[in-house]
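Visitor: Hi! Could you walk me through this one, starting with the charged pairs and then moving to the ligand?
Guide: Happy to, let's bring it up.

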Amino acid sequence: MFKKLVTPMLIGAITLIGAFLVLHYNRGPMNTVEPLSAPIPLIDSSIPAELETATFALGCFWAPDARFGSTLGVVRTLVGYSGGTQANPTYRSIGDHTETVQIDYDPSKISYGELLNIFWESHNPSHESWYQQYKSIIFYESEDQRTLAHESKSMRESELNRMIYTEIRPLDRFYVAEGYHQKYRLQQDRELMKEFESMYPDMGDFIDSTAAARVNGYLSGYGDPEMLQEELSQYGLTESGAEHLLDTFNERKGSIYC
Ligand code: MHO
């Protein structure tokens, strides 16, 4: 009698344990509670309808990403590789391409000419880079941009009274760089990155965010303090995140090395 009961009980127990294990592993240890994502920043909720694009190469792309990202009128920044012939370049296999930053801007707030001024001020164009990777290039996308680029190059040349090595070329293709290069300085900041990850669980949305572009700029030591004060509440940060950003900016702790 006892033996007759033990066998089915044992089978039952093993089946139950098996079912539990299968269910447990299928569910996965991380997915038990869906994380609640934070609402998107106010500054990202109304993107101007008419945007224009400027594409520049001026050395290592981390700093220009930050410099332009903290400029009023700039809506999005993106770093990538341009100018070469190799298909699908990557950072480790860049081929004959050059590190490039692409800027989407609101032409009612900033002009292409003003962006060119920032371009000249942000690097030394009279120094010729030995590496194709770090060349100075203006990639134009229209006749207007081409004309403005040539005019501003001649003006800058006579101001500096030096030869400028910057090339002015039509934009052929822009290959988006790996995620970890985008808004590089911000991605190094654990505290603020946590906040952005909960606002933007998707990397593509993070890259497109004006708030992320601005915060990346301020953390790198760029940007205007007045604009920071004015826009801060629109970046979607918590109180402590906002305080951390202000501290880093005001105490001049923010910097980027390339
Ligand atoms: N020397 C820098 C270059 C970075 S870059 C995006 C580094 O590897 O840390 O060209």
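**Salt bridges and the ligand site**

Guide: In this predicted model, Glu-159 pairs with Arg-156 in a salt bridge whose closest N and O atoms are 3.2 Å apart.

Visitor: Where do Glu-159 and Arg-156 lie?

Guide: Both are in helix 4, which covers residues 143-160. They sit three residues apart, about one turn of the helix.

Visitor: And is Glu-159 buried or exposed?

Guide: Glu-159 is exposed, because its relative accessible area of 54% is over the 50% cut-off.

Visitor: How many salt bridges does the structure hold?

Guide: There are seven salt bridges in the structure. As a general point, side chains of opposite charge can pair when their charged atoms come close.

Visitor: Which residue does Arg-169 form a salt bridge with?

Guide: Its partner is Glu-167, with 3.3 Å between the closest N and O atoms. Arg-169 counts as partly exposed at 24% relative accessibility, and Glu-167 is partly exposed too, with 28%.

Visitor: Okay, switching to the ligand. Which residues are around it?

Guide: The residues around the ligand are Cys-60, Phe-61, Trp-62, Tyr-91, Glu-99, Gln-133, Tyr-134, His-181, Tyr-257 and Cys-258.

Visitor: How does that shell divide into nonpolar, polar and charged?

Guide: Seven residues of the shell are nonpolar, two are polar and one is charged. Tyr and Cys are counted as nonpolar in this scheme.

Visitor: What is the distance from a polar side-chain atom of Glu-99 to an oxygen atom of the ligand?

Guide: That distance is 2.7 Å. For Tyr-134, an N or O atom in the side chain is 2.7 Å from an oxygen atom of the ligand. Tyr-257 also has a polar side-chain atom facing the count, lying 3.1 Å from a ligand oxygen.

Visitor: And how much of the ligand's accessible area does the protein cover?

Guide: On its own the ligand has 310 Å² of accessible area, and the protein covers 69% of that.

Visitor: Great, thanks for the tour!

Methods:
Residues numbered from 1 in each chain as written. Predicted model: local features only at pLDDT ≥ 70, side-chain atom pairs only at ≥ 80, totals over all residues. Heavy atoms only, no water. Near = heavy atom within 4 Å. Polar contact = N/O pair within 3.5 Å; in protein donor to acceptor, adjacent residues only side chain to side chain. Areas by Shrake-Rupley, 256 points an atom, 1.4 Å probe, with all protein chains shown as cover. Salt bridge = Lys/Arg side-chain N within 4 Å of Asp/Glu carboxyl O. Helix = DSSP H or I, 4+ residues; strand = E, 2+ residues; numbered from the N terminus. Buried < 20%, exposed > 50% of the residue type's maximum accessible area, 1.4 Å probe, protein only.
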